[in-house]
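Reader: Could you walk me through this entry step by step, giving the rule behind each term as we meet it?

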Amino acid sequence: MRALRAVTARRRARSHGRAHAGATPGDVLFQSLSAAAAFGLLLLLALVTLILLLGAGPSIQTFGFSFFTGAVWNPPAHPPEVYGAVPFVYGTLVTAGLALLLGVPVSLGIAIFLSELAPPWLRVPLTYVIELLAAIPSVVFGLWGVFVLAPVMRDSVEPAVQSVFGFLPIFSGTPVGTDVFTAGVILAIMIIPTISAISREAFLAVPQTQREAALAIGATHWETTRMAVLTYARSGILGAVILGLGRAVSETMAVTMLIGNRNAIFGSLFDQGQTIASWIANNFTEAGPLETSALIELGLVLMLVAVLVTVVARLFLTRVLRVLEVTE
Amino acid sequence: MKLRFDRAARRIWKDRAMSTAALACVVVALVPLGSILFTAASQGIQSLNPGFFTSAVPPPCGSASTETCTPGGVGNAIEGTLVLVGLASLVAMPVGVLAGIYLSEYGNNRLGRGVRFFVDVMLQIPSIVVGIFAYTLIFELGRAGWTDPRSVFSTLTGVLALATIMVPIIARTSEEALKLVPNATREAALALGLPKHRVITGVVLGSARSGLVTGALLGVARVSGETAPLIMTAFGSPYFFQGLNQPIAAMPLVIYTFGLSPYPNWQHLAWGAAFVLVLMMLGISVVSRLALRGRFSLAEVAR
Amino acid sequence: MNVKMQTQHLSAWYGSKKAIEDVTMDIEEHAVTAIIGPSGCGKSTLIRCLDRMHEILPKTRVEGKVLLDGEDIYEQPAVAVRRKVGMVFQKPNPFPTMTIYDNVAAGLKLGGIRDPDELDGRVIRSLKQAVLWDEVQDGTGKSGMSLSGGQQQRLCIARALAVEPEVLLMDEPCSALDPIATAKIEDLIFDLKKDYTVVIVTHNMQQAARVADWTAFMYLGKLIEFGRTRELFEHPREELTEKYITGRFG
């Protein structure tokens, strides 16, 4: 306690030193006010965590770790009440993985085009247009997905995939359009602006001298991109991909509207499934007390994953920035 | 020698192939964007009539229905979104801008970096989790007897959720906007003998005006489209605003529930609402782009 | 004089700004040609036209001819030209994510050389030619960035030499280096002309006088005088050249 007080006193002394000589009472008041707002935000974050823990309490107490190993979701109507998270964690991982698999190459292609290939007059407007994708609300993606994407998937894309890869169990079953595969596709579209924008930033940060080095040993444009740009920007790309993963994991509405919402561990991508977020969205308002608690625990898991993923991504991205500062 | 030539030809071929592939990636991204805009416009525009903006949502009207269909509109949802976003902004903007001031003007130290980190963490909380938080907070307060337990699904809970999402956005965009104000401006004002808080409120905030407005607009855009956190808070309602402790309608909720409904009249309204929402988002996006561009050139001139 | 390269009425633009104008000069095989002149005189632009690096920047344009062994390089694929005409830049620019070995091997791998023994042999030979081998032979697996500035520049020279170009262009290769590292590179340039044709841009007249057989003096985008280095420095024909080399402007 004494130590704590000493630290606070020191901090106070230091902040006084910073607030230049002759700080008026108005200065002190204003600084306190803005500091109160900033620390109010931290309190809010703490409150969010606390409230979620409180709400998840009954579920944590009742099921303990078996919540993460159980695959059954028995609401009060089908006693005994048991809740397990496995199918949702699985669904989240599969859809997010699929989204990355489809979205990352496209995003990198876009970033390469925007920073390396497009004629200069086209770069800025095209960048804006791609970023418009990020401005469209998730629920509109969902609506479009239901009315436009799902029928196309059901009638053209999925049968085509099946005719080539149908021997694989993950592409078995009757394509219905609203399924795990379509959810992965819509997620891929939704993470494209995130990943392509950050990758593009990383590419633009590659010094021109690196490109010249590759060109001067007779590299083609693509070889230059691969040798000088992609490798130089690799941690930036990694950070971008992880941020995209974070977005895919937390995305709710579009997936809820397209994934079919069935609580089962699916074997085929053409099956219906669910993610953590879609399951919460679908069941929260109709759940019994213990079920609500279990859903809150799911939400807590989702938050931890999303935050953790982003912190990791930022580590990569700040390291990029630091490397850049050193080499520039 | 022939082998060499083949290799050179292959390298050039591969170069062209990869360039084409990169271009194809752009097209792949533009197709859904174009399709969304086109579908929203073509489907949505038919529902746009004066009643669309003024009437409450109609009852479902299927082919089996024997009643005459009332056209209805999403007026109550538009009102609901205005109420929810307006109230959330009322709370989030002052707090967010103040926090942004702290980060930019007082936060250039370890403490400030720590605060910034946690604000960034807040930005990453999935919005549906914020909805759960708002619901649970009001629910627990109700259980403790502090609020009416029946008002868990209410305007107030919805505002709580949206404001929680909005505050960190406003804080970070304000910080960035303030940081773009050149230090010379601060120093010039300080040199006039103004106290630091007058420098900030009088000079720095003024110089960062367009950036601050842009940040606020982006925050509004973001929460106006939020759906997931409203499901368990604002809940949706077929009526116009009934009171802060009552459920309230919202545009995104209408899109969600009507879009998934089997009734054509509801689906049309969903598209109409989607069209309006998308137009608003695109408008804000374009306006903020223009504002940002203006600000950058201003910053360059000042330097 | 055995002409390896030749520019004919060469002009180059950045957007609407003319950077060099109507430059016609010969470059002798197995000799060092220096291009000198005050900043902004177009000497870097000129050398970048010799391996078609000028055109990689947006809104640039070149007119006239650059002949390599009598053939216009602007009528050949740029990629092929750059393998015959290597280039070393002002600031050392090794690939930071690659090892020393991989930096040197980068161009070879592009050329389709996969055989480890052949790669080894050519990497070592290039490092030796760049007089870097003795300093790095125990650690070619280390990052190229672990080297000092002068060593990095010699690594870049080794990287350029590995693809066995016929001409080596050097754009102020010593401007980022200390005097000791500079001396090493100058010695190296002297040795290189046995096997290569070297063109070097420098803002340092003493350096030109030390290493070059031929010297070109440029001013405001024009080639003012071109001749044997000794002659140009001792008996300049043009008044501008004399003013420049006696330090009266620039």
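**Surface, cysteines and helices**

Reader: What is the relative accessible area of Arg226(A)?

Author: Buried means under 20% relative accessible area and exposed over 50%, with partly exposed in between (1.4 Å probe, protein chains only). Arg226(A) is partly exposed, because its relative accessible area is 39%.

Reader: How should I read the numbering, and what kind of model is this?

Author: Residues are numbered from 1 along each chain as its sequence is written, while chains are lettered from A and ligands numbered from 1 in the order in which they are written. Side-chain values use heavy atoms, without hydrogens and water, and local features need pLDDT of at least 70, side-chain atom pairs count only at pLDDT 80 or more, and totals for chains, interfaces and linings use all residues, since this is a predicted model.

Reader: In which helix does Arg226(A) lie?

Author: Helices are DSSP runs of H or I with at least four residues, strands are runs of E with at least two, and both are numbered from the N terminus. By that rule, Arg226(A) lies in a helix of chain A that covers residues 221-230, namely α8.

Reader: How many helices and strands are there in chain A?

Author: Read along the sequence, chain A follows the pattern α-α-β-β-α-α-α-α-α-α-α-α-α-α. The count for chain A is therefore, by the DSSP rule for helices and strands, twelve helices and two strands.

Reader: How many disulfides are there over all chains?

Author: A disulfide is a covalent bond between the sulfur atoms of two cysteines, and here it is counted as a pair of cysteine sulfur atoms within 2.5 Å. The sulfur of Cys49(C), a residue that is buried at 0% relative accessibility, is 13 Å from the closest cysteine sulfur, in Cys41(C), and this is too far for a bond. Over all chains, the number of disulfides comes to zero.

Reader: How many residues of helix α3 of chain C are buried, and why is this helix called largely enclosed?

Author: The buried residues of α3(C) include Ile100(C), Tyr101(C) and Leu110(C). Helix α3 of chain C, residues 100-110, is largely enclosed by the rest of the structure because the buried ones among its eleven residues number nine.

Reader: And how many are buried in helix α11 of chain A?

Author: Among the buried residues of α11(A) are Trp279(A) and Asn283(A). This helix, residues 276-283 of chain A, is largely enclosed by the rest of the structure, because the buried ones among its eight residues number seven.
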